[in-house]
Structures are given as C-alpha cells and as structure tokens.
Amino acid sequence: MDADGADEDYQGSDDEYSDDDDMSWKVRRASAKCLDAVVSTRHEMLLEFYRSVSPALVARFKEREENVKADVFHAYLSLLKQTRPAQSWMNDPDAMEQGETPLTMLQSQVPMIVKALHRQLREKSVKTRQGCFNMLTELVTVLPGALTHHIPVLVPGIIFSLNDKSSSSNLKIDALSCLHVLLCNHPPQAFHAHMPALAPPVVACVGDPFYKITSEALLVTQQLVKVIRPLGQSGPSFDAGPYISDLFSCTIRRLRAADIDQEVKERAISCMGQIICNLGDRLGADLAGTLQIFLERLKNEITRLTTVKALTLIAGSPLKIDLRHILGEALPILASFLRKNQRALKLGTLAALDILVQNYSDSVTPPMMEAVLAELPALISESDMHVSQMAISFLTTLARVHPSSLTTVSTAILPELLLLVRSPLLQGGALAAMLLFFQALVSTGTAGLGYMDLLRMLTGPVYAQNTPLTHKQSYYSIAKSVAALTRACPKEGPAVVGQFIQDVKNSRSTDAIRLLALLSLGEVGHHVDLSGQTELQGVILEAFSSTSEEVKSAASYALGSIAVGNLPEYLPFILQEISSQPRRQYLLLHSLKEVIGSASVAGLRPYVESVWVLLLTHSEVQEEGTRNVVAECLGKLTLIDPETLLPRLKGYLLSGSSYARSSVVTAVKFTISDHPQTIDPLLKNCIGDFLKTLEDPDLNVRRVALVTFNSAAHNKPSLIRDLLDTVLPHLYNETKVRKELIREVEMGPFKHTVDDGLDLRKAAFECMYTLLDSCLDRLDIFEFLNHVEDGLKDHYDIKMLTFLMLARLSSLCPSAVLQRLDRLVEPLRATCTTKVKANSVKQEFEKQDELKRSAMRAVVALLGIPEAEKSPLMGEFQSQISSNPELAAIFDSVQRDSSSANMESMDTS
C-alpha cells in the first residue's frame, strides 16, 4: 500500500468515529483486553490466534483512541510473548520442515505488521511511539532477522524519535533499545545505506546529560562499530572512514570522565574496547593514549572486570593491535586479580591471559609470567571445576607457545594437577583440558617432565598402595591421562602396554592395580592398534572371572575399547564369545556396547548384519539388565543404517514376546538425541507406531513406552508434537490408581501392600512434567490440572513430582492455576498437616519432612501468583501455617531459599 493510500485509510478511521457521543471505543477496548486475557492463557491455541486474532489486532493498530490503541498493542505483545517459550522446538529444523507453526505464520505476517506500525512511529503521541518500539523489539526477539527487508522503512521513524526535541527521556531510551536489538539481530549490510542518517543522532545521544540515555546510546554505538566494519565476514566492504572520528571522540569523552554513573563508565569501556578491536588500525596516535586509560581503569576496583573483558576482546582482534607498551604493567595487575575473591574476575582474567599469551608470545617474557604462575596453584582445585579448567587451558597454551616459562611448573602446580586427576569430580571439559595439558607438557621436553616421569607421577599412588583411591572415576581419569601421554609419545607405548598386561596377570597385584591397568589398556587401545600383543585377549577374558565387580566391569570396558582400535581382529571374537559363553554374556554385551558407541560408522558397517542378528536372539531374555544393554546396542546400531534397520525394528513390535517388544521400544529411546541426526525424519514418520505400545496389555511394555516418550519430549519434541492428541489420553489414563494392581504380601506376621502400577504412574507423571517445558502450547491446561490434582493425593514419589509441577505451572500459566486454586490447596494442606505415627521408623519421619518441604515450595510458588492470597481457602491455610510453629519455620525457610535463588539467577543472567 502506498503512502497516499495509507493516509486515506488512516483518515477513514478518523471519520468512522467522528461523533462526539460515540462510546464504541469502550467496546473495542474491552475486546482488546479480553483477547489479551485469552491469548495469555491458552497456549494450545496459538496457531488459531495467528489465523484469526493476529490480523484483527494488526488492523486496529490505526486506532484513533490512544488508550484503546495501547491495549491493542499490549494484546499483540502478549501474543508475541506466548510465541517465545516454544522457540526451541520452532528453531528445530524438523519442526520447521512441514506444516504451519506459529513462527512461520508470524513470519508471513511481518510485512503486514510493519506496514501498520511504520506510520505510527511518526505519531505525536509518545505513548503510541513507545508501544511501537516495544512491539518491534519483541518481534525481533521472537524472530531474529525478520525485519531485514523492512529496515529502510523503520530507520526514519527511529531517527525521528531520537531527533525530536519534544521526545521524553523514556521514549529516547526505548528508541535506542529498539535500534540496539535491530542491530544485533540483522546482518550489518542491511544498515550500511542508513549509516549517514543513523550515526549523528546516536552520537548526539552519547553526549546527552541524562545518564540512562548515554548508557543506552553507548550500547548502540558499540553495535554500530560492528556494523561499519564487521570482522571476519566476507562481502562488499563498507567505507568506515567518515564515522570513525565521531564514534571515537564521543566515546573517549565518556571514557575519560571520572565523575559519571557506574553503568556509563562500564559501557564506555566496553564500547571503546569494541572500537579498538574493529578499528584499532585506523586510530593512529590516539591508540596509545586510549590503552593507557584502560590501564588506569584496570587498577580501579569498580571498573576492573569490564576492562579485563575489553582487553580480552582487543587481544583477540584479527587486526593484531599493538599492546606491547602496556603488557609489562598489565600482566602483574592481571596476576593479582587471580587471588581476588571474585569468581567472574578470575574467569575473565584467565581468558584474557590465555589470549594474550597466544597472540603476543613474542612480547611476553618468563619474568612477566612468574607472577601469574605463582597464583595458579590455588586455582586448581575440585571446589571450582570451571576455574580449574580455565587455569589448565591457560597452562596448555603456555606450554605450546612459551615452554621456557614452565620450568617451575613441577614444584607448585603439578602436585595440584595430580591431586585434581584423582578427584571423582574431574570429568567433561575439565578432564579434556587436563589431557591436552599433559600432551602439551610432555612435548616440551622439559627436564624431569618426560614421559616416564609423568607416568610414574600419575600411577604412583595406585602402585604404592598406601592410599587407595576412593572413587572409580579417579581410575578412569588416570587411565585417560596415561593414554593421552602415550598418544603424544608413541615410541614409549609398547613397553608400557606390556607392563600393564603383566600387572593384570600378576596374582600379587591388588584389585586397584588390575583396575587401573585394564582401564589404561582400554584407553590406549582405543587409539592405538594393540593386536600385536598376543597375550592381551586371554588376559582380559581371565579378568572376567575376577571376584571384584569393578575389575570385571573394567575388563568389559577394556575389551570393547581395544576392539575399537582394530575391529577386524577383535569384533568377530567378541561376537563369538557372546554366543558361546552364556555366563559372561552380560559383560561381553557391555563390551559390544562400547564398540558400537565409539567405533566409526564406516568401520562398523560390514558387521552390522551379524551384530543385529546376534542382538535380536538376546532381546527376549528374562533378565532386565541384559535386555537393557541389548536395547541400547540395537538403538545405537540403528543409527548406522536407519533406512534399513528402523523398519526392521518396527516389525518386531508384532512379536508375541512382551520382552522382545519392551527391548524394541527401549531401543528407540537410544536413537533419540538432542542434536539433529539423519534418522530424525524417518523416526518422525514411525514413532507413532512405537508409541502405540502405550496400549500394550503388558505393564512393563507400557512403562518403557512412557520412558521413550519422555526421552522424545525432552530431547526432540518435534518428533511427538503432532501425536499429542492421540497420545495424551493414554498418558493421562496411566496416571490413575488401579485397584486390581494393588496386592497384599505377607511378610512373616506383617502384611505389606505392593502397588504394581506405581512405576507406571511415576513414568506417566514424569512425562507430564517434561511436556510442560517442551510442548506447553499443545496442552489443554485445565485437563492437565485435573491429573495433577489427582497426583497430589497419590503415593509419596508421585506427590513429590506433582508439587514440582505445581510450582512450574504457577510461573508458566498463573491465570489457569488461579482458577483451580481452591481445589489445589486442600491436598497441599492435607500433606502439611499429616502426622506420622509415634512408633514409626526414622525414615518415615524423614520422608514426611521432605514431603512437607516440597508441598511448602509449591505453596510459596502459588502465593507468587498475583491475587492468589484473595482465595478464602488459601487465606485460611496461610493462617494455619503462621499459627503452627513447625509449619511456619518450614515456610520461612523455603521462602528464604526461593528469594536467594531468584537473586542468584539475576546475578548470573
């Protein structure tokens, strides 16, 4: 629609309501509020809202009555906010590939929304323009990049508010905030044509006397710097020259000022950091003086963390900014930060040191590093694994680019590292960092830190036998470290492998030595072919007969891991042993699981058929543990050739054996992961058939079907979203207590009640809890609440789950919970006032206390809903809590915990 047409249409809306006595605006306002309420509470109707409500609201953006327009905007904002929680599945490529989703519908309506909004951006009314900026900000948050083609229409409206003398401070802040979100979420090229118009008003706002406007303008300036010279992006270059002087001078003025607001100080530092990072080679003589100011800010307690982050950004710049003249003074200051009791500062400093050593190794001398190395031992500790990981990564960088600095590492730092290797908490990123460090360290060739020296330090405590390691994870970490060293020094490998084999054979070896030797053989064999060691197979199989369960498990892991290093040699052997050795079957299946999980797809492909046949013959065994291992192997094997194997898996759903059916459904769980895979589209088409086992006559099959459904809902909701209409009735059906599944068992003189349906109900409630996070918009909340209400009166385990659900629902859909509040309070009150019999065992008292605490957490969450305290029953319950000292104490404690948790989440965000 052209501008004249828009004018006529706008005029038409004025004429429509020209009568002074016309009161129809009240109807329109009430309608907007009513739609707002419906949109906020009915997540499951989002698609319908985008079909019918969205166009109607957008059509009324031209509303003449200002209060009505504000309510129309608010209703549309609520619609956009409702679209946000489901973003994770919407961005999932599977979810996007077929059918309409709220996001695709919103995407198609963007031109219509922009057309309706862009004229409003020049309205006289401040309230209207603020509404527009809020709307655009929310739209881009929900749909990043959606306005790329509409930037030319929107920029003039934003500039209008920034330049308008009558604009209030809040309007300018909203306009800048909207511009910041646009700059962050759209490609730089979209703004290049508008830079001559955008830069002057933003620069003017940086000089504004009101600190909040300055602060917001500095954020925008930082983003503008990235736009005028994006680093590491190919494409048509843009001449940043005309803007550098203005952006630099307005920022340096704020950076130099000492008597300004804290937030402005920090943002001026961040903004200048970005300017030096992206434009440092164009600043000439100004660069040295600016870095000197950074050095001053580094010494100031209030600005030091922001300055550390800015220096990290500058040091990582591909422009290779010259920092030599400040390094000598900066490194000792950074070293002193490592002993400060401020975690964020430690982490930021370690990241800065790492990048400085990487990119400025020629300017960093060993004496400069001494101060830093002196502080590191205290940081390497299991009490904070993330700080330890960063410290170890820094040491690895130092070993690679500046090995001469590491001469003192063996005295103070290495003992701490070896202590950490033996910690049961070392895993994931910290363990990976540790392995890289050992490889880097042994490659430096430093005296006293060679392969055998480090090997003795790592394995010494186990062989010394004076302090046995308390946790199995410690042996795994040592074994992985040994393997990492062996990969870095391949010539030393055979002798050490031979020694480990002798240690396993030696009858005088303790279980701890055998355990470490087997795990080390497995870790080394994973990467190095050990088929030349003729004794190896026999030694491992002999270990299967050990009296120690941990040694057996390590032998099983070792066999599987060694097989990965040479599949043709070892995999046929494992398959033959599984068939011929029924007593060792469970351990051998674990070895096979290790092979399937770790070997390359190309290497496994020739063996898929023989492994598949073998696994199916064991899928009907009675022992559940064995069946679970078989199911995991089947699932992981299916991932290798899904087109062939998934239909076969589906065929076994018709098996007459309930054990086989449960194995097949469990196998599907292992094909689902939280990242995209080739099997996903195939699985989406047939997962409905696997979930039909929710109607299976066998209890156990129904339970594993629920577990698989839960896994899909958690890891890849797009697989099951379209099936919810058919699956939910069966899921809800499993939440009911079934009298026929409850039986009495006589135990001597006592009668004990056993509920065979409890595990099934528990699995069903766990699925419901997962659906709250992943598929909330597809649930009928009132139907869902009916079953939560039943769960509040069920068994201990299920009560605990439903209390969690209630707390979650209170924040996700408070208005729906508010309508049911009276029915929910009663079971909570019953739980809190239940008394345990005086002669009960200690565990009963503990369980009841835990139940009360959980129920009280739900009560605190319910009271967080606005207007909840107006409920008479809730008011009565509150009085009861405050009059009972025990309940009042629990209530206060829970309230304190929840408020401190909120504060922590605010700190980390």
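These legends walk through several close-up views of the structure above.

**A few words before the views.** The model is predicted, and local features are described where pLDDT is at least 70, side-chain atom pairs count only at pLDDT 80 or more, and totals for chains, interfaces and linings use all residues. Residues are numbered from 1 along each chain as its sequence is written, and side-chain values use heavy atoms, with hydrogens and water left out.

**View 1. The whole protein, as a starting point.** Welcome to a protein with 47 helices and 2 strands. Helices (H or I, at least four residues) and strands (E, at least two) are DSSP runs, numbered from the N terminus. The C-alpha trace spans about 100 × 75 × 60 Å along its principal axes. Of the 909 residues, 52% are buried. Here buried means under 20% relative accessible area, exposed means over 50%, and partly exposed lies in between (1.4 Å probe, protein chains only).

View 2. The structure holds 31 salt bridges, each one a side-chain nitrogen of Lys or Arg within 4 Å of a carboxyl oxygen of Asp or Glu. In this view, Arg 51 pairs with Glu 48, and their closest N and O atoms are 3.7 Å apart. Both residues belong to helix H3 (residues 46-59), where they sit 3 residues apart, about one turn of the helix. Arg 51 is partly exposed, at 43% relative accessible area, and Glu 48 is partly exposed too, at 37%.

**View 3. Lys 69 and Glu 123, a link between distant parts of the chain.** A salt bridge joins the side chains of Lys 69 and Glu 123, with 3.7 Å from N to O. The two partners are 54 residues apart: Lys 69 is in helix H4 (residues 66-83), while Glu 123 is in the loop between helix H7 (102-118) and helix H8 (126-142). Is Lys 69 buried or exposed? Lys 69 is buried, with a relative accessible area of 2%, whereas Glu 123 is partly exposed at 22%.

**View 4. Glu 329 and Lys 299, a helix meeting a loop.** The side chains of Glu 329 and Lys 299 form a salt bridge with an N to O distance of 2.7 Å. Glu 329 lies in helix H18 (residues 324-337) and Lys 299 in the loop between helix H16 (286-298) and helix H17 (304-315), so the pair ties together parts that are 30 residues apart in sequence. Both ends are partly exposed: Glu 329 has a relative accessible area of 38%, and Lys 299 has 46%.

**View 5. The largest pocket.** Rolling a probe the size of a water molecule over the atoms shows where empty space is left. On a 1 Å grid over the protein atoms alone, a pocket is an open set of points where a 1.4 Å probe fits, with protein on both sides within 12 Å along at least five of seven lines; its lining residues have an atom within 4 Å of a point. The largest pocket has a volume of about 420 Å³, taken as the space filled by probe spheres set on the points, which are joined across faces, edges and corners. Which residues lie nearest its centre? They are Thr 834, Val 836, Glu 844, Lys 847 and Gln 848, out of 15 residues in the lining. Helix H42 (796-812) and helix H45 (842-863) are the elements that give two or more residues to this lining, and H45 gives the most, with 4 residues.

View 6. A disulfide is a pair of cysteine sulfur atoms within 2.5 Å, and a search of the whole structure finds 0 of them. For Cys 686, the closest cysteine sulfur is in Cys 775, 18 Å away and too far for a bond. Cys 686 is buried, at 8% relative accessible area, and Cys 633 is buried as well, at 1%.

**View 7. Ser 388 in helix H21.** Ser 388 lies in helix H21 (residues 385-401) and counts as buried, at 0% relative accessibility. The side chain of Ser 388 reaches the backbone oxygen of Asp 384 at 3.0 Å.

**View 8. Glu 783 and Tyr 732.** Glu 783 is part of helix H41 (residues 781-791) and is partly exposed, with a relative accessible area of 32%. Glu 783 and Tyr 732 are 51 residues apart along the chain, and 9.2 Å separates their C-alpha atoms.

Methods
A polar contact is a pair of N or O atoms within 3.5 Å; within protein, one must be able to donate a hydrogen and the other to accept it, and residues adjacent in sequence count only if both atoms are side-chain atoms.
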